[in-house]
Amino acid sequence: EYDRVLFRGEAATTWVGEFRDMPASLRYFAGGDRNLRGFGYQELGPTDDAGDVIGGKHLLLGSAEYEHMFTEKWGAAVFVDAGNAFNDPGDFDAEVGTGVGIRWRSPVGTVRVDVASAVTEPGDPIRFHLVIGPDL
């Protein structure tokens, strides 16, 4: 049995003359299993006039997770994730997700099953996240 604390940070930026000329595949989005749990995949970032998420020029994310292994193969975790994608520093609006999870050290890698709440969203929606593979 053991305990550990994991921290993850991600910062990214793009320099582009005209943002509208940058393909959507190169823009930054936030949300999903591997960066901001509690939110859907690429659900966060700047939006167009219709309210659709179109991605941003910059990304800033951070996570903190406490994990306790009860046995060699089974454990639990609590976590908080925060951040967002944005175009201008003055427009950065951090979203926050927090939750709990189960950890299983399987023969093919760690299986992480998390239940997270998007605490900055009205009604604190709950999402289920499943990740198989290395930490963070």
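A: Two strands pair if DSSP finds at least two bridges between them; strands are DSSP runs (E, at least two residues), numbered from the N terminus. The model is predicted, with pLDDT of at least 70 needed for local features and 80 or more for side-chain atom pairs, while totals for chains, interfaces and linings use all residues. Residues are numbered from 1 along each chain, and side-chain values use heavy atoms, without hydrogens or water.

Start with strand β3, residues 74-86, which runs antiparallel to β4, residues 95-106, over ten bridges. Within this pairing, V78 has V100 of β4 as its bridge partner. Both strands belong to an open, antiparallel sheet of six, ordered β1-β2-β3-β4-β5-β6. β1 (2-13) and β6 (126-132) are the edges: each has a single partner, so one side of each lacks a neighbour in the sheet.

Now look at R37. Its side chain forms a salt bridge (Lys or Arg nitrogen within 4 Å of an Asp or Glu carboxyl oxygen) with D81, at 2.8 Å from N to O. R37 sits in the loop between β1 and β2 (58-69), while D81 is in β3, 44 residues apart. R37 also meets D114, at 3.1 Å. D114 lies in strand β5 (109-118), 77 residues from R37. R37 and D81 are buried, as is D114; buried means under 20% relative accessible area, exposed over 50%, partly exposed in between, with a 1.4 Å probe and protein chains only.

E43 pairs with R127 in another salt bridge, at 3.0 Å. E43 is in the loop between β1 and β2 and R127 in β6, so this pair ties together parts 84 residues apart in sequence. E43 is partly exposed at 34%, and R127 is partly exposed at 35%. Shared partners join R4, R37, E65, E67, D81, R103, R105 and D114 into one network of salt bridges.

How values were computed
Helix = DSSP H or I, 4+ residues; strand = E, 2+ residues; numbered from the N terminus.
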